[in-house]
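Student: I would like to learn how to read a folded chain step by step, from its overall make-up down to single residues. Could you take me through one example?

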Amino acid sequence: MRVQNEPAWLLHHRPFQDASRILEVLSRNHGRLSLVARGSRSGRSRLKGFLRPFAPLQLSWVARSELGTLTGADRLGTPITLSGEALMAGYYVNELILHLVHRHDPQPELFAAYGAAIEGLQGSERVPARLREFELELLRLLGFALDLGREADTDTALEPAGTYEYRIEHGPVPVRDREGPMIFTGAELLAICDRDLEDPAVLRAAGRLLRDVIAFHLGGKELKSRKVLMDMRKRAERRM
């Protein structure tokens with residue numbers, strides 16, 4: 001298979017042989033795939049310093065097996081500059097894609113959602129909200145959408161003043177308990193359902209909910225970027 005000028009994002013790269021790299025790529029029409037960029041670590045390669053995350057790319061490759069071979073690359077736009085917490089958030093988004101998205105499964109909607117998320121992180125002061133919005137959209141596109149508006153067993157609308165336990169792969173269930181890692185008010189779940197994350201309490205609730213849901217779908221895999229993000233936030237809180 002030969003592909004020409006395909007819009008793509010580089011998610012991750014690692015050394016391969018003496019001067020090459022293996023690229024983990026998210027493409028618009030061919031999904032997630034691996035490509036070997038031969039000679040790209042050589043000092044004479046025009047690709048050195050060119051192939052990096054958060055830069056919109058246009059790639060060409062030929063594939064005779066699971067691992068394709070890069071045959072051409074150009075920038076498709078201005079690289080997105082991320083720093084600090086936003087940079088680690090970008091790496092977290094990349095890790096989610098790498099661990100949750102199957103290879104060779106074309107999802108143009110996911111490609112668009114990824115681009116919007118990375119662009120939204122640039123210069124944003126709402127990094128946690130941007131991440132929660134992307135997590136909700138990613139789960140929806142992968143077929144794991146959260147049903148947060150109705151009780152799981154009765155299909156009745158949630159009461160804003162009610163208290164519910166969210167049970168993964170089941171949904172919200174009314175409970176008497178007021179505290180617990182997956183216990184929320186109806187108002188919080190309804191706001192998360194509407195992606196209305198302006199209220200700090202709702203944003204914290206969304207973080208609790210999505211942390212456990214995503215951990216479930218990761219099947220025990222640990223994300224390095226999430227740990228770094230949490231450490232950064234703890235240090236920032238101690239300085240306040």
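Tutor: Let us begin with burial: in this predicted model, 46% of the 240 residues of the chain count as buried. The C-alpha atoms fill a box of roughly 65 × 45 × 30 Å, taken along the principal axes.

Student: How many helices and strands are there in the chain, and what pattern does the chain follow along the sequence?

Tutor: The chain has 6 helices and 8 strands, and read along the sequence they follow the pattern β-β-β-β-β-α-α-α-β-β-β-α-α-α. As for contacts, among those with a separation of 6 or more, 56% are accounted for by residues 24 or more positions apart.

Student: What should I look for when I turn to the nonpolar core, and which residues have the most contacts inside the largest one?

Tutor: The general idea is that in soluble globular proteins nonpolar side chains tend to be buried together. Here the largest nonpolar core has 51 residues, and those with the most contacts inside it are Ile-97, Tyr-114, Leu-138, Leu-146, Ile-192 and Leu-209. The elements that give two or more residues to this core are strand 1, helix 1, helix 2 (108-121), helix 3 (127-141), strand 6 (163-167), helix 4 (186-193) and helix 5 (200-218). Apart from this core lies another, of 17 residues, among them Leu-23, Val-25, Leu-59 and Ala-73.

Student: Which residues does Leu-146 touch, if I do not count residues up to four places away in sequence?

Tutor: With those residues not counted, Leu-146 touches Leu-136, Leu-139, Tyr-166, Leu-209, Leu-210 and Val-213.

Student: And where is Ile-192 found, and is Ile-192 buried or exposed?

Tutor: Ile-192 is found in helix 4 and has a relative accessible area of 1%, so Ile-192 is buried, the cut-off being under 20%. Leaving aside neighbours within four places in sequence, Ile-192 is in contact with Leu-136, Leu-148, Leu-197, Val-202, Ala-205, Ala-206 and Leu-209. For a sense of spacing, Ile-192 and Pro-172 are 20 residues apart in sequence and 13 Å apart in space, C-alpha to C-alpha.

Student: Let me try a polar residue next: with which side chain does the side chain of Thr-163 make a polar contact?

Tutor: The partner is the side chain of Arg-178, at 2.7 Å. Thr-163 is found in strand 6 and counts as buried, because its relative accessibility is 9%.

Student: Where is Arg-52 placed, and with which residues is Arg-52 in contact?

Tutor: Arg-52 is in the loop between strand 3 and strand 4, and at 33% relative accessibility Arg-52 counts as partly exposed. With neighbours within four places in sequence left aside, Arg-52 is in contact with Leu-10, Arg-75 and Pro-79. Arg-52 and His-13 are 39 residues apart in sequence, and their C-alpha atoms are 8.1 Å apart in space.

Student: Finally, how should I describe a pocket, and how many residues line the second largest pocket?

Tutor: About 320 Å³ of space lies in the second largest pocket, which is lined by 16 residues, of which Leu-11, His-12, Tyr-91, Glu-95 and Leu-98 lie nearest its centre. Strand 1 (2-16), helix 1 (84-100) and helix 6 (224-239) are the elements that give two or more residues to this lining, and helix 1 gives the most, with 6 residues. By class, the lining has 5 nonpolar, 5 polar and 6 charged residues.

Terms used
Residues are numbered from 1 along each chain as its sequence is written. This is a predicted model: local features need pLDDT of at least 70, side-chain atom pairs count only at pLDDT 80 or more; totals for chains, interfaces and linings use all residues. Side-chain values use heavy atoms; hydrogens and water are left out. On a 1 Å grid over the protein atoms alone, a cavity is a set of points where a 1.4 Å probe fits but cannot get out, and a pocket is an open set with protein on both sides within 12 Å along at least five of seven lines; lining residues have an atom within 4 Å of a point. Grid points are joined across faces, edges and corners, and a volume is the space filled by probe spheres set on the points. Helices (H or I, at least four residues) and strands (E, at least two) are DSSP runs, numbered from the N terminus. Ala, Val, Leu, Ile, Met, Phe, Trp, Tyr, Cys and Pro count as nonpolar, Asp, Glu, Lys and Arg as charged, and the others, Gly among them, as polar. A nonpolar core is a set of buried Ala, Val, Leu, Ile, Met, Phe, Trp, Tyr and Cys residues joined through side-chain atoms within 4.5 Å. Buried means under 20% relative accessible area, exposed over 50%, partly exposed in between (1.4 Å probe, protein chains only). Contact means heavy atoms within 4.5 Å. A polar contact is a pair of N or O atoms within 3.5 Å; within protein, one must be able to donate a hydrogen and the other to accept it, and residues adjacent in sequence count only if both atoms are side-chain atoms.
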